[in-house]
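Dear colleague,

Please find the structure handed over below, followed by a summary of what was found in it. I would be grateful if you would read the two side by side.

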Amino acid sequence: MLTSLKSILLDECGLTGTLPTQGWCDLKNLKNLRLHGNELSGKLPSCLGNLTSLRFLDISQNQFTGNIASSPLTHLTLLQYLSISNNHFQVPDSFKSFANHSKLKFFWSDFNHLVSEHDLVQTRVSKFQPSVFSLSNCGAEEHLIKPHSFLYYQYDLEFVDLSFNKFGGALPCWLFENNTRLQGFLVKNNSFVGPFHLPSHPSLDVSRIDISNNQIHGQIPSTINLIFPFVEELLLSGNALEGEIPKWLGGMNSLQILDLSNNQFFGSIPNQLTMGDSLYCLKLSNNNLSGKITTTIFNSQSLQYLYLNGNNLKGEISQISSSSFLKVLDISNNHLSGKLPRWIRNLTQLNSLVLSNNSFEGSIPNEFFYNDALQFLNLSKNNLSGSLPSCSNPSYITHLYLSKNRLNGLLTHSFYNISSLVVLDLRENNFIGGIPKWIGNFSKLSILLLKGNHFFGEIPIEVCGIEQLSMIDLSHNQLFGSVPSCLGHLTFTPSTSVSLFSSTYTITLENFYELQIIPFSTTKMETVIKNEGEEVVMSFFRTQFSFVEDELEFTTKRFTYTYGSHILQYMSAIDLSCNKLIGLIPSELGNMSEIQSLNLSHNNLTGPIPSTFSNLKQIESLDLSFNNLNAEIPN
């Protein structure tokens with residue numbers, strides 16, 4: 001036996017089955033065991049408890065089962081790092097069986113099953129005092145109304161994550177009182193109720209607070225800037241908070257991300273909110289905010305991500321300074337008016353611009369297609385008119401939404417040079433003429449929506465050459481001729497998703513044995529575990545926002561649904577309904593084995609339903625109605 005062996009690293013090796021019960025459990029000097037990301041299953045063998053020198057154990061992302069209270073983990077009292085996340089373990093809420101794990105400072109047990117230990121009363125302070133305690137997505141039993149008393153006796157926590165459980169009752173703000181070095185407090189997506197009570201004394205180390213998607217009501221506490229003076233991320237979305245947004249939030253000099261979206265705030269947006277030099281993400285979406293958007297908000301020297309969508313804002317857009325660092329601007333679903341600004345070209349870092357569902361009018365300026373950074377542009381549901389600008393200069397736009405306006409004219413060479421397009425949505429306008437053959441140049445195009453215009457002529461066969469197409473809607477036009485048989489060669493590749501902006505913190509693990517723990521930095525939120533050589537960076541926690549969401553309407557099963565980006569990437573559909581197509585339905589369409597929705601209704605198609613349609617294994621909606629078909633439905 002390799003009696004001197006200290007480290008076994010078998011992460012993501014495709015291992016299956018159960019762990020052996022003999023041999024490896026005799027490695028008395030083993031200090032580091034990593035089996036992360038395999039397909040191992042069953043209960044942990046009892047002999048694992050013989051590895052009493054273990055300091056670092058990662059068995060996350062497997063299929064292990066059993067109650068950890070009766071597992072060999074309880075015998076490994078020298079453990080300093082333990083990750084059992086993403087398994088099928090039962091995790092008792094009292095953690096009484098780990099009471100003697102005084103050295104265990106990092107405990108990760110996300111995505112398991114939290115169970116209650118009945119009739120157990122915490123009578124003394126446990127020796128188990130972790131710095132990092134993560135217990136998210138554990139599907140707490142219905143009767144686990146609030147976090148167990150185990151947490152009442154914790155005093156060394158620096159990061160706690162109880163998100164996505166079914167905890168209720170008052171927000172456990174006593175964790176701030178008891179743990180004076182707490183930096184990360186994550187309890188999102190629970191059922192906590194009541195006001196946001198603050199601790200009685202300042203918590204100088206707190207860097208991140210996330211209480212999103214609970215039932216917290218009332219106003220933002222007026223002393224939050226004094227109690228959490230160095231907070232960097234304050235995430236309060238999806239509650240029932242109300243009142244005006246406090247001006248003094250702009251004076252929190254360390255604040256980088258402020259998310260107040262999906263609450264009940266009203267009044268105007270305070271100018272002071274973006275006057276600091278640290279705030280780079282501001283989300284005020286889906287509140288009842290009113291008034292105009294002032295120049296001060298737009299021209300912050302630090303702000304990069306601004307979401308004001310879903311409010312009652314009105315007026316014209318103030319000019320944004322060319323020195324702005326804005327990367328994402330979403331002011332959709334408001335009452336904004338006037339003409340689209342030409343100075344948009346000067347925002348050299350703007351990646352995503354969403355102005356949909358407002359009252360903008362006039363033509364689309366050429367300048368919108370001369371911004372090299374712009375990739376996502378949504379101008380849908382406005383009163384825009386005129387023809388499309390001719391893009392003689394290559395543009396890098398990937399997602400273009402212009403639906404439900406009053407745009408008109410021929411497409412001609414409007415988008416000829418936008419070879420990067422992934423989504424093109426021109427639905428419900430007044431475009432005329434034929435669908436141009438150069439549309440086949442869009443090699444990356446995944447979604448093509450031309451519904452509800454006045455296009456006429458034949459469907460160009462060049463459409464069939466766009467290998468990544470997953471959704472085509474040419475319905476409600478005046479197209480004639482036959483259905484191109486080459487459509488049957490489309491493979492329906494999933495749609496390219498929109499990139500995510502994320503703020504990521506890391507834990508750097510350099511030594512898996514003889515661990516020297518350096519506490520979290522108040523600025524970097526890092527924990528470093530020192531070692532002689534190897535350095536491994538692991539994800540600690542992150543704040544993720546979609547840049548902007550893909551959201552499209554598509555008619556299937558005779559109902560129009562709105563699909564978000566998380567659904568669109570799996571959608572595959574063709575809608576050629578309500579045109580003047582004639583001739584036989586090509587048998588080649590039966591080769592589209594991955595298609596989910598096919599609508600050829602309200603045309604003048606004749607002949608039999610192809611027998612090859614029996615190969616449409618994934619089809620959920622097939623509409624051939626209102627044609628002149630004359631044969632049996634194939635089996």
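**Loop asparagines**

At 24% relative accessibility, asparagine 137 counts as partly exposed; here buried means under 20% relative accessible area, exposed means over 50%, and partly exposed lies in between (1.4 Å probe, protein chains only). Asparagine 137 sits in the loop between β11 and β12, and its phi is positive, at about 55°, although the residue is not a glycine. Asparagine 86 also has a positive phi, near 60°. Its place is the loop between β7 (81-83) and β8, where asparagine 86 is partly exposed at 32% relative accessibility. As background, most residues other than glycine have a negative phi.

**Basis of the values**

The model is a predicted one, in which local features need pLDDT of at least 70 and side-chain atom pairs count only at pLDDT 80 or more, while totals for chains, interfaces and linings use all residues. Residues are numbered from 1 along each chain as its sequence is written, and side-chain values use heavy atoms, with hydrogens and water left out.

The mean pLDDT (the predictor's confidence in each residue, from 0 to 100) is 86 for the protein, and 84% of the residues reach 70 or more. Over residues 497-542, however, the pLDDT is below 50; this stretch has 136 contacts in the model beyond near neighbours in sequence, a contact being heavy atoms within 4.5 Å.

**Overall architecture**

The protein holds four helices and 51 strands. These are DSSP runs, helices being H or I of at least four residues and strands E of at least two, numbered from the N terminus. Of the 635 residues in the protein, 57% are buried. Among contacts with a separation of 6 or more, 59% are between residues 24 or more positions apart. The accessible surface comes to about 26,000 Å², and carbon and sulfur atoms account for 48% of that surface; the areas come from the Shrake-Rupley method with a 1.4 Å probe, and for residues only the protein chains shown count as cover.

**Salt bridges**

Seven salt bridges are found in a search of the whole structure, each being a side-chain nitrogen of Lys or Arg within 4 Å of a carboxyl oxygen of Asp or Glu.

- Aspartate 11 pairs with arginine 34, with the closest N and O atoms 2.5 Å apart. Aspartate 11 lies in the loop between β1 (7-9) and β2 (16-17) and arginine 34 in strand β3 (residues 32-34), so this pair ties together parts that are 23 residues apart in sequence. Arginine 34 is buried, with a relative accessible area of 12%.
- Aspartate 156 and lysine 105 meet in a salt bridge of 4.0 Å, N to O. This pair links distant parts of the chain, 51 residues apart: aspartate 156 is in the loop between β11 (132-134) and β12 (159-161), and lysine 105 is in the loop between β8 (88-92) and β9 (106-108). Aspartate 156 is partly exposed, with a relative accessible area of 24%.
- Glutamate 233 and arginine 208 form a salt bridge of 2.9 Å, N to O. Here the link runs between strand β18, which holds glutamate 233, and strand β16 (residues 208-210), which holds arginine 208, 25 residues apart. Both glutamate 233 and arginine 208 are buried.

Salt bridges that share partners also join Lys105, Asp156 and Arg181 into one network. Serine 131, in the loop between β10 (113-115) and β11, touches two of these residues: leaving aside its neighbours within four places in sequence, serine 131 is in contact with Lys105, Asp156, Leu157, Glu158 and Phe159. Serine 131 is buried, with a relative accessible area of 9%.

**Further sites**

Methionine 471 lies in strand β38 (residues 471-473) and is buried, at 1% relative accessibility. Its C-alpha atom is separated by 4.8 Å from that of isoleucine 447, 24 residues apart along the chain.

On the surface, Leu410, Ile432, Phe456 and Phe480 form a nonpolar patch with about 370 Å² of accessible area together. Patches are made of residues with over 30% relative accessible area and no salt bridge, like charges being joined within 9 Å and nonpolar side chains (Val, Leu, Ile, Met, Phe, Trp, Tyr) within 5 Å.

Yours sincerely
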